[in-house]
Amino acid sequence: MQKFRSIRKLTSIVLAFLIAFSCVVVGISAAANVKIAFTNSNDWSQVYIYSWDASDNPLSGDWPGTQLTDSELNDFGKRNFYTEVSSNATGIIFNNGGNEQTVDIAFNGQPKGWYLPGEKTNGNWNVTEWAYNPDGSQTEATTVKTDAQTTSKSATSGSGRVQFTNNQNWNTVYAYAWDANENSTLGDWPGTAMTKIGDNGMG
């Protein structure tokens, strides 16, 4: 009887270890990837992503990395590319297959978008962040800008979200809207002050 109790105890320990290990694996895989975006401001014929971790291990394949194919045109005729990168990544480079590339982009595991503002450092293209929200709360096609000083602002009503690119650098932006009966839906004129959501888009 003692022998059988020992076997049952050993079996219980093994099962407990396997359950704990499987929970760890599930927890890691659940946070494995982060959605990011890149605006192809320079109209490269192809776009690749190269990423690495804190130990300089490549995470998107050997150089020049993985080619991006998931894309759509934004309102300014530039193509936004979408992909996922490991949450363990500490650095990212976008390139056109190895000839033209961005500077090393520090990555902190958060969803982000980048575009090329038009300047280089040591022969590589500088990047500027734009507010990419993978959950769709912001429409990427409208989050673009024509110069480094332009900001986007948004207002939210009961029926959805609208956005406005403040390329005139107004101090305050208001939204005024009305329904089919010409009833104001965002308050009396001049409407509701919009909330700044950051510098977005491409140069």
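In which sense do β1 and strand β5 pair, and over how many bridges? The views below come from a predicted model, and the first one has the answer.

**View 1. Strand β1 and its partners.** β1 and β5 (residues 79–86) run antiparallel, joined over 7 bridges. Look for T39, whose bridge partner in β5 is N80. β1 also pairs with strand β8 (residues 113–115), this time in the parallel sense and over 2 bridges; here A37 has G113 as its bridge partner. Of the 7 residues in β1 (residues 33–39), 5 are buried, so the strand is largely enclosed by the rest of the structure.

**View 2. An open sheet of 4 strands.** Follow the order β3-β2-β6-β7, with antiparallel pairing. β3 (66–67) and β7 (105–106) sit at the edges with a single partner strand each, so one side of each has no neighbour in the sheet. Between β6 (residues 91–95) and β7 there are 2 bridges, and I92 stands opposite I105 of β7.

**View 3. K78 meets D43.** This is one of 3 salt bridges found in the whole structure, with N and O 2.8 Å apart. K78 is in the loop between β4 (71–73) and β5, while D43 is in the loop between β1 and β2 (48–52), so the pair ties together parts 35 residues apart in sequence. With 16% relative accessibility, K78 counts as buried.

**View 4. E129 meets K112.** Here the closest N and O atoms of the salt bridge are 3.1 Å apart. E129 is partly exposed at 41% relative accessibility, whereas K112, at 15%, is buried.

Methods
Residues numbered from 1 in each chain as written. Predicted model: local features only at pLDDT ≥ 70, side-chain atom pairs only at ≥ 80, totals over all residues. Heavy atoms only, no water. Buried < 20%, exposed > 50% of the residue type's maximum accessible area, 1.4 Å probe, protein only. Pairing = 2+ DSSP bridges. Salt bridge = Lys/Arg side-chain N within 4 Å of Asp/Glu carboxyl O.
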